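Open the structure in your viewer and keep the selection tool at hand. The tour goes stop by stop.

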Amino acid sequence: MPERRVPRARRFLVCEPRHFAVQYAINPWMHPDTQVDVDLARDQWRTLIEAYRSHGHTVESVEPVAGLPDMVFAANSALVLEGRVFGSLFHAEQRRPESTAYDTWFKTAGFDVYRPESVCEGEGDLVPTGRYVLAGTGFRTTPQAHREVQEFFGVPVIGLQLVDPYFYHLDTALFVLDEDTVAYYPEAFSPGSREVLARLYPDAVLATRADALAFGLNSVSDGRHVFVAPGATALTEQLAHRGYVPVPVDLSEFHKAGGGIKCCTQEIRS
């Protein structure tokens with residue numbers, strides 16, 4: 001019998017895709033001539049929000065800003081641990097104004113916000129696991145930012161080198177299932193980083209490239225329910241076998257910009 005998993009209620013911050021579009025190319029998924037169906041994107045996004053709420057999670061929203069088409073990807077805005085906010089400094093000039101909009105929301109909500117000196121793209125590359133913060137680098141967030149994160153939170157930060165541009169953020173190649181378990185696509189990482197992950201998580205769920213390209217690793221888990229891309233079929237089977245409950249949510253319109261479920265979801269950890 002699979003182990004029975006226990007969910008934990010989460011608090012999420014999201015941003016409606018009112019202005020979502022593909023207007024520039026900053027990753028291999030993006031092509032400026034791509035047409036986005038904004039109505040479909042809104043419907044898919046609303047389905048995700050309804051899924052979160054129906055499973056007992058709190059969802060709050062930041063107001064979208066015209067001219068910031070990627071602002072829907074709330075995960076990149078910050079890392080929030082124990083009520084402390086480590087903000088963002090985006091690699092792409094086009095996205096840098098997003099930091100101000102999110103900082104304003106956090107400050108209005110009563111948080112102090114630390115603005116990094118080095119390029120850092122929030123939960124896109126910073127993944128808390130309970131004992132550590134796993135931190136991606138290679139395409140966006142810098143190793144210097146990893147050091148800032150460790151100094152700010154006082155939590156050990158473990159750097160992981162990303163090597164495949166299709167998995168330009170850590171949250172496209174790895175996600176946390178619970179405090180003891182992660183799922184990841186090994187070939188997204190350098191050989192040394194693969195060895196680190198194997199040592200830390202010998203019982204990890206290993207995903208195929210097909211599932212990773214279907215944004216299966218851009219998932220959100222509450223410890224029992226896993227909000228996951230429906231195209232990641234082999235991964236979904238593995239999760240169910242381990243006792244997790246997959247909750248398929250189709251965000252395929254957002255794949256045109258290189259994003260998925262986790263990209264659209266910032267977790268506020270008090």
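## Stop 1: a charge over a ring

Select Arg84 and Phe152. The charged end of Arg84 sits over the ring of Phe152, at 4.1 Å from the ring centre. Keep in mind that this is a predicted model.

## Stop 2

## Stop 3: an edge-to-face pair

The structure holds 16 aromatic pairs. Select Phe20 and Phe73 for one of them. The pair is edge-to-face, with 6.0 Å centre to centre and 85 degrees between the planes.

Now trace the chain on either side. Which parts of the chain does the pair link? They are distant parts, 53 residues apart. Phe20 lies in the loop between strand S1 (11-15) and helix H1 (38-54). Phe73 lies in the loop between strand S2 (58-62) and strand S3 (79-81).

Buried or exposed? Check Phe20 first. Phe20 has a relative accessible area of 2%, so it counts as buried. Phe73 is buried too, with 4%. The cut-off for buried is under 20% relative accessible area.

## Stop 4: a buried arginine

Select Arg140. Find it in the loop between strand S7 (133-137) and helix H3 (143-153). Its relative accessibility is 7%, so Arg140 counts as buried.

What does the side chain of Arg140 contact? Show Glu121: the two side chains make a polar contact at 2.9 Å. Then show the backbone of Ile26. Its oxygen lies 2.9 Å from a polar atom of the Arg140 side chain.

## Stop 5: the largest pocket

Next, colour by element. Strand S6 (126-128), strand S9 (174-178) and strand S12 (220-221) each give two or more residues to the lining. Which element gives the most? S9 does, with 5 residues.

Last, colour the lining by residue class. It divides into 16 nonpolar, 7 polar and 14 charged residues.

Conventions
Residues numbered from 1 in each chain as written. Predicted model: local features only at pLDDT ≥ 70, side-chain atom pairs only at ≥ 80, totals over all residues. Heavy atoms only, no water. Helix = DSSP H or I, 4+ residues; strand = E, 2+ residues; numbered from the N terminus. Nonpolar A, V, L, I, M, F, W, Y, C, P; charged D, E, K, R; others polar. Phe/Tyr/Trp six-rings, centres within 6.5 Å; stacked < 30°, edge-to-face > 60°. Buried < 20%, exposed > 50% of the residue type's maximum accessible area, 1.4 Å probe, protein only. Lys NZ or Arg CZ within 6 Å of the ring centre and 35° of its normal. Polar contact = N/O pair within 3.5 Å; in protein donor to acceptor, adjacent residues only side chain to side chain.
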